[in-house]
Amino acid sequence: MPRLNPDRLFPLDSKSRDLARGLYKSVENLPIVSPHGHTDPRWFAENQPFPDPAQLFVTPDHYVFRMLFSQGIPLEKLGVPRVDGGPTETDGREIWRLFASNFHLLRATPSQMWVEHALQDVFGLETKLSATTADATYDHVADCLTRPEFLPRALFERFKIEAIATTESAIDPLNWHEMIRNSGWKGRVVTAYRPDAVVDPEFDGFADNVATLGEMTGEDTTTWNGYLAAHRNRRAFFKSYGATSSDHGHATARTEDMPQADAAALFAKALAGKCSAEEADAFRGQMLTEMARMSLDDGLVLQIHPGSSRNHSAPMMAQFGRDKGFDIPTQTDYVRALKPLLDAMGTDPRLSVILFTLDETAYSRELAPLAGVYPALKLGPAWWFFDSPEGIMRFRQQTTETAGFYNTVGFNDDTRAFCSIPARHDVARRVDCAYLGNLVATGRLDEADAYEVATDLAYRLAKQAYRL
Amino acid sequence: MPRLNPDRLFPLDSKSRDLARGLYKSVENLPIVSPHGHTDPRWFAENQPFPDPAQLFVTPDHYVFRMLFSQGIPLEKLGVPRVDGGPTETDGREIWRLFASNFHLLRATPSQMWVEHALQDVFGLETKLSATTADATYDHVADCLTRPEFLPRALFERFKIEAIATTESAIDPLNWHEMIRNSGWKGRVVTAYRPDAVVDPEFDGFADNVATLGEMTGEDTTTWNGYLAAHRNRRAFFKSYGATSSDHGHATARTEDMPQADAAALFAKALAGKCSAEEADAFRGQMLTEMARMSLDDGLVLQIHPGSSRNHSAPMMAQFGRDKGFDIPTQTDYVRALKPLLDAMGTDPRLSVILFTLDETAYSRELAPLAGVYPALKLGPAWWFFDSPEGIMRFRQQTTETAGFYNTVGFNDDTRAFCSIPARHDVARRVDCAYLGNLVATGRLDEADAYEVATDLAYRLAKQAYRL
Amino acid sequence: MPRLNPDRLFPLDSKSRDLARGLYKSVENLPIVSPHGHTDPRWFAENQPFPDPAQLFVTPDHYVFRMLFSQGIPLEKLGVPRVDGGPTETDGREIWRLFASNFHLLRATPSQMWVEHALQDVFGLETKLSATTADATYDHVADCLTRPEFLPRALFERFKIEAIATTESAIDPLNWHEMIRNSGWKGRVVTAYRPDAVVDPEFDGFADNVATLGEMTGEDTTTWNGYLAAHRNRRAFFKSYGATSSDHGHATARTEDMPQADAAALFAKALAGKCSAEEADAFRGQMLTEMARMSLDDGLVLQIHPGSSRNHSAPMMAQFGRDKGFDIPTQTDYVRALKPLLDAMGTDPRLSVILFTLDETAYSRELAPLAGVYPALKLGPAWWFFDSPEGIMRFRQQTTETAGFYNTVGFNDDTRAFCSIPARHDVARRVDCAYLGNLVATGRLDEADAYEVATDLAYRLAKQAYRL
């Protein structure tokens, strides 16, 4: 018997369940468009086998290891590397055993469903993970990974990925992307422009990074105008590797639109390392507006991912570094924060700014009302902790009545866990179809319209909004 | 086949759907009490035909035109007037075509349901709006509008409106209301006292408005006491035109209860145009408390509608003026904000303050706990963006357990779209009956009690709370 | 016919309803573990009859009397004592009549269900409360109360309470607990350490209270180190009466971890009554961290109950004192507030901090992400206004996907209404089983796992998390 219920996530009354089933059937096999995520372009460049099951499912997945850590399992035992290079578990089988024997901690979480989906659909395993089945499942997956049909490019094709975006720093040389292009392989892997290292005065090595940006572009990044020119140049370089978007992970959604002379002065202060925290924040806000202005020229879509209090635990940051599950959402204001950018360009339909949130209270209060009137704004899908059955449903229930469907942009998987990509898109498609089925059954949407919307949400809107 | 599903918005399991159907049947045809809204008293005074379908359904409805604008359709093409008097579309048929061909943008929004309800029930049209049907539907509605049974008073009677409140500025002469009264027509159209122009030091022309208030009332509004007397006088005048409430649309729910000498000094500063932003805010807060005090004498119910960041886009405000869909909700605190007023009068059962919100997070956290203990407080219904199937259901789910039903006040349609009034009340009645049906089916409410509550929510509470 | 629907609170579709029924059957009769509440230890010490129905159901229950008050019924008529000792109703029958004739005000509130459950299951009454049935129901309950099987200890045993925690001030002598211990009765009634009076510089009589603490413990509480030693001593004393937890009801979740010298200086200032509001707040924050440090040694679990704006109405506080239904939730931040404590000890699995909230927006945004990674953190159940069918369901829907089940701690009844204890646990068990039934039916949880989780939520996690 398959682990996965074929009707999972559908409504339970027969009327809307049948509608959801029909809608899902129409989108189940559509290609995957993955316009925002964190897969490693090296996988597709080198096309080497993934090392072992633990390194595929556990060690890189902060959703999984944060939950195990919360119940007292040290990160070292899960193979998470230490900043000081000290010893951590390297035996994939040992890590897998610990994971399998604690798999009950993930009950009713999206991670449970993603893992079970990947094991069943990608690796053909219908066994339930537990201490008892740890070794057998490890052997099975490890064996698969040695076979050609489990190489990164083969999986990419099997997953029916029509296009996938990775995310690279503005000063990344894009070597892996170049290698993919030169390989002759037809898979569409594009980059995205992530300039945190060169727009955030509080980023480690900001001034050096800006100097590097200057070298890479041949622009004089010691001046404000040269610095802006370097961004334009670099964005064009990223575009030449398929980029259609930039991505910005600031702590808040703050934007500024100060006079250019003031911005130039603030930039000089930032380069000199003399910005106060408030000035650094203002500079980041200014740079969002500058990026939006560049976007009017080069067409890169601007993504804003605010609201995470990153690396919340000082001791864990010291021991294990960034991205170890200690990023905690905080309240995020959009109404005041975005006003400078919106006053400058918000009614220009050529601009496309995609907003994300980790503060669900903003859905109905701020984001849907903003996106429901400003032509330049669209709503990104339920993000991070909310990329889940309940989270996606809340997103639709709290945004659709005010922003409609057409101010949203389809689904982002936003993942570094490659094998979870089909599972994540499947969950989103199921929940969207459940939502649409309910709308039809309660007289809020025509059935024929629901079929059109289902395709829009599963496929078409992502391509259109991200210009892919 | 009718466009509208006769079971729309009911639960999908047979048990609670049957209960909801029965409950709805018992309230479906109750008269409409519309205690708060923005219909134009001129319609009922002159009783002239509505001009054309676009001017009835599109041009005045910010819910509709904001969604079309968000997808890149210029407001000029929808006939929305410009501040500079520059050209905008005047051909109703052209506007209607644009509306009909973009009607899919409103999928699953309440506007879609309101428009379809009005077309079907008011105009007898069961056609789906689209580019293809644009001309035929336009012709049909335009033809209806020429007939006597579609004149404002005829529709008023056909809609079974028992009483409707419009909203007028404190310095409005109430000429249209006088004309209605003198006409001998029996329709009950009452006004409501909206003093923003004379209580908000930041309102355009505040000092002039206060002077006008003085002239209209024969009071010396250059002094604090004269100013308060003018308000009392003007409230009595509004009461003579049926007003049972005042209405206050401040940016926050802030109240103050400063010593009268301080209030007088602040008033003098406000008249002299010398208030800081903080002082202006304090003055508005003081005036809410003063209005509450007057309410103890004259019995006008006090409505507070806070939390909108109005006219968010500076360029759109400059081009098109107020009320063009750019009012965006923000976080709203009630607990600290209302304390001065509540300490002064909150436990007096003679006072009735009706609270609204655009910040749904306040429902369970602040509003229900406050209304569930202070005799002077009642909760207004789900408002503005939340006057929708999901919004009304969230309101009930998040307030009932703490505030009960009897600290709520029934439904407000709050609309300037006359033909949507029956549709809006119908949606509210259906969702309330769906909620009640679910409570009965899950053993939380007796069926007989649910019938009583259904009538309370659809009809009785609005009359009682607004003293209509 | 019983008043209570045997399927109450279960899902309405047959698939998940059947699952919920089965799950509920497996936990329905499990013993009650009540790790946090406000029952009076005197009841169990003296084992005297409860005085009359009104004093059991109305006068001490702020949920009930706040709702009646909100509709204009004076607290005096409900027998709530006045601060000035002035006259209030003392005739239980009169109070009961007022309660019964206004019982409709509680429709669809949890109080209605708790009262009806207690009347039916504890007193065998299946009559609906109303003006008509007031006298008969009063007589019936009053008669019961005279019988031995309705004495406190008999009810305790009948309710199958395995363990119950009361809450006492740090300077309470625990005489009733001593009397219980000496009585030879086997019922497990433990205390909990509530030090507000001696950790909050703004508490009435703070300095005197600290002096009393010194006398009770033989420590020199005029010095910081002596004061800390006194806490350690007193915690040990509370442990000797079974305490396994401390409880902290601060206005915010603020913690501090200042150098000990700074803490000592601030303590001196607090004792001298010279703290500013900000300094008092910082001191409370410091004491949370100190309590956590002591917890590492003595194992008392730390409960944080923040976010209530207590005694909101100044006139009601003056007339009736604390805890009269005027405690109103406010926005509560956890991410910044807890950082000092978490940086100090948050990753230590020996520490157990249980977090509560009155701000439901924190569930998915802050609390689940924090508890889903920090080993020292667990989430307390839906609290106070949210200890209700909708509230408990929202808690599960908004926390499980990120924090899982095993970072939550089962149910707290948190009540002073003794007869409502079985009803409250029953509601929590039903709603949890409804939630689990839905997860199984929608393919998110295996049925066998759901049975295990049901027992965990109803029984095992409370024992484990509270070390009972």
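Student: What makes Tyr63(B) and Asp387(B) count as residues that Arg424(B) touches?

Tutor: Contact means heavy atoms within 4.5 Å. Arg424(B) touches Tyr63(B), Trp114(B), Asp387(B), Phe411(B), Asp413(B) and Thr415(B), leaving aside residues up to four places away in sequence. This is a predicted model, where local features need pLDDT of at least 70 and side-chain atom pairs pLDDT 80 or more, while totals for chains, interfaces and linings use all residues. Side-chain values use heavy atoms, without hydrogens and water, residues are numbered from 1 along each chain as written, and chains are lettered from A and ligands numbered from 1 in written order.

Student: Is Arg424(B) buried or exposed, and why?

Tutor: Buried means under 20% relative accessible area, exposed over 50%, partly exposed in between (1.4 Å probe, protein chains only). Arg424(B) has 1%, so it is called buried.

Student: Why is the link between Glu452(B) and Arg107(C) called a salt bridge?

Tutor: The term asks for a side-chain nitrogen of Lys or Arg within 4 Å of a carboxyl oxygen of Asp or Glu. Across the interface of chain B and chain C, the rule finds 7 salt bridges.

Student: How much area is buried between chain B and chain C?

Tutor: About 3800 Å², with carbon and sulfur atoms giving 53%. That is the accessible area (1.4 Å probe) that two parts lose on being put together, summed over both. Arg365(B), Glu401(B) and Arg444(B) supply 20% of the area that chain B buries against chain C, more than any other three residues.
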